[in-house]
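Please keep the sequence and the model open while going through them.

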Amino acid sequence: MWSAAREIAAGDVVVVWLTRDYLQPLVITPGKEFNSKFGHYRHSDLVGMPYGSKVGSRKGKGFIHVLRPTPELWTMALPHRTQILYLADIAFITSHLDIKPGSRVIEAGTGSGSFSHSVVRTVGSNGHLWSYEFHEARAAKAREEFERHGMNNVITLTHRNVCKDGFTVEDTVDSVFLDLPAPWEAVEHAKQALRKDRMTRICCFSPCMEQVLRTVNALNDAGFTDITMYETLLRPVEVSHVPVSQPIGDISEKLKQAERKREEKRLQQIAAGKQNKRKRGDGTPLKDQLEEASEVDTAAGERKRLKTNEESDTVVPEPLQGMDLDSSEEAVGVAPSIPLAPSGPPVQIFPSKVNLSKVMPEVRGHTSYLTFASLMPFTPPAETEPSTAAVSPAGAAD
């Protein structure tokens with residue numbers, strides 16, 4: 001369909017990945033430029049780069065990814081001329097219509113070509129897609145895109161009103177997809193186009209329930225069976241990697257320690273204030289009082305910075321208690337012998353982070369209803385020759 005080369009060449013169609021929800025198609029034309037809020041890029045700078053490259057802007061303040069087009073990326077990036085089918089509906093329709101390599105399919109309502117690209121990729125070079133579009137300007141634009149993407153040998157696009165004039169093939173295709181305002185008017189024409197030597201299927205894409213009801217009545221009248229309607233909705237799930245929550249007991253103990261430290265600090269400030277007040281009242285000159293206060297503050301700061309062995313928060317493991325940690329063995333870097341701890345229950349180690357999934361409370365909005373039906377193979381009754389009564393010789397003589 002698109003270029004299969006490793007590097008980008010002039011004239012290739014690429015998909016520019018700007019953000020997760022913002023993709024843009026681009027035809028590489030040397031001499032032109034691509035401008036976005038993520039930077040300024042020249043088409044000539046992209047020629048020769050491998051597909052999938054991360055390209056920085058000329059000013060160094062942004063970057064883009066240049067990707068090889070696929071039907072999925074094209075659905076997200078194509079210019080909308082009509083309402084399009086998205087990946088969830090496309091996958092569901094392709095599966096239920098049993099579209100596979102070598103299938104022959106009819107699509108009525110080309111629109112923006114989203115479904116067309118996926119079908120062409122699925123049927124391959126041995127299959128074929130007949131696509132019909134009522135609007136002449138949209139048909140011309142779609143034909144231009146199909147030629148640029150190299151799909152002419154697999155798809156036949158016709159500007160035609162299939163509801164009145166029917167399809168250009170008869171007793172040929174394996175499945176029919178109708179994306180029309182009034183699909184019930186094309187059901188009989190679709191029946192004529194479907195093969196009669198095997199079971200075939202049809203799908204109608206309708207946004208309103210009134211359209212579904214009229215389509216179902218038309219399918220019943222035309223002899224279709226196994227009529228079923230579906231609605232495809234997406235419910236995103238957000239997965240995040242977050243730290244493990246600490247036990248309530250640990251959090252409570254940390255809060256108590258913080259509260260004790262604040263209380264100790266408050267009592268120290270009160271005691272220092274009382275001491276300074278007594279010094280100011282004993283007749284000592286103000287200059288001497290300030291010097292003494294400065295010395296007290298300096299000594300307090302030194303006490304905070306320097307920790308004695310008694311104030312150290314280091315916890316000595318039980319096997320090391322009672323040992324001389326300043327011995328010669330420790331000085332030369334030889335680890336002292338540590339008695340093995342008695343065997344006990346294994347200690348459970350908790351991970352530092354865990355994966356959490358959160359289902360979004362709202363689902364993606366409704367697109368359309370999908371109405372499927374099957375047409376059983378039809379075998380015409382064998383024509384029997386008229387039986388001739390045997391004439392006896394006696395009867396002939398008479």
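1. Thr-228 stands opposite Phe-372 in β15. This pair belongs to the antiparallel pairing of β12 with strand β15 (residues 369-375), which extends over five bridges. The model is a predicted one, and each point below should be read accordingly.

2. The sheet that holds these two strands is open and has seven strands, in the order β9-β8-β7-β10-β11-β15-β12, with mixed pairing. Its edges are β9 (155-159) and β12 (225-231); each has a single partner strand, so one side of each is left without a neighbour in the sheet. On average, neighbouring strands of this sheet are turned by 15° against each other, direction ignored.

3. Two helices may be considered together with this sheet. Helix α5 (residues 136-148) packs on the sheet and touches β8 (128-133) and β9. The direction of α5 makes about 160° with that of β9. An angle over 145 degrees counts as roughly antiparallel, so α5 and β9, at about 160°, fall in that class. Helix α8 (residues 209-222) lies across β11, β12 and β15, and α8 runs at about 5° to β15.

4. Is Thr-200 buried or exposed? The residue is placed in strand β11 (residues 200-206). Its relative accessibility is 1%, and Thr-200 therefore counts as buried, the cut-off for that class being under 20%. Not counting residues up to four places away in sequence, Thr-200 touches Val-173, Asp-174, Leu-194, Arg-195, Ala-373, Ser-374 and Leu-375.

5. Strand β1 (residues 13-19) pairs with β2 in the antiparallel sense over six bridges. Three bridges join β1 to strand β6 (residues 63-67), and these two strands also run antiparallel.

6. The pairing of β5 with β6 is antiparallel and extends over four bridges. Val-55 stands opposite Ile-64 in β6. The two strands form a hairpin with six residues between them. In the turn, Gly-60 has a positive phi of about 75°.

7. How do the helices α3 and α4 meet? The axes of helix α3 (residues 87-96) and helix α4 (residues 114-123) come within 11 Å and cross at roughly 45°. The two helices are therefore oblique to each other, and their crossing is right-handed. From α3, the contact is made by Ile-90, Ile-93 and Thr-94; from α4, Ser-114, Phe-115, Ser-118 and Thr-122 take part. The residues of this contact divide into three nonpolar, four polar and no charged.

8. Ser-116 also lies in helix α4. With a relative accessibility of 0%, Ser-116 counts as buried. Leaving aside neighbours within four places in sequence, Ser-116 is in contact with Glu-107, Thr-110, Leu-129, Ser-131, Phe-146, Met-151 and Ile-155. Among these partners, Leu-129 and Ser-131 are within the range of β8 (128-133), and Phe-146 is within that of α5 (residues 136-148). Ile-155 belongs to β9 (155-159). The C-alpha atoms of Ser-116 and Ile-106, ten residues apart along the chain, are separated by 9.9 Å.

9. Some overall values for the chain complete the note. The chain contains twelve helices and 15 strands. Of its 398 residues, 31% are buried. Among contacts between residues at least 6 apart in sequence, 65% join residues at least 24 apart.

Key. Residues are numbered from 1 along each chain as its sequence is written. This is a predicted model: local features need pLDDT of at least 70, side-chain atom pairs count only at pLDDT 80 or more; totals for chains, interfaces and linings use all residues. Side-chain values use heavy atoms; hydrogens and water are left out. Two strands pair if DSSP finds at least two bridges between them. Axes are lines fitted to C-alpha atoms, for helices over the stretch in contact, and angles run from 0 to 180 degrees between N-to-C directions. Angles under 35 degrees count as roughly parallel, over 145 as roughly antiparallel, 65 to 115 as roughly perpendicular and the rest as oblique. A crossing is left-handed if the near helix is turned anticlockwise from the far one by less than a right angle, and right-handed if clockwise. Contact means heavy atoms within 4.5 Å. Ala, Val, Leu, Ile, Met, Phe, Trp, Tyr, Cys and Pro count as nonpolar, Asp, Glu, Lys and Arg as charged, and the others, Gly among them, as polar. Buried means under 20% relative accessible area, exposed over 50%, partly exposed in between (1.4 Å probe, protein chains only).
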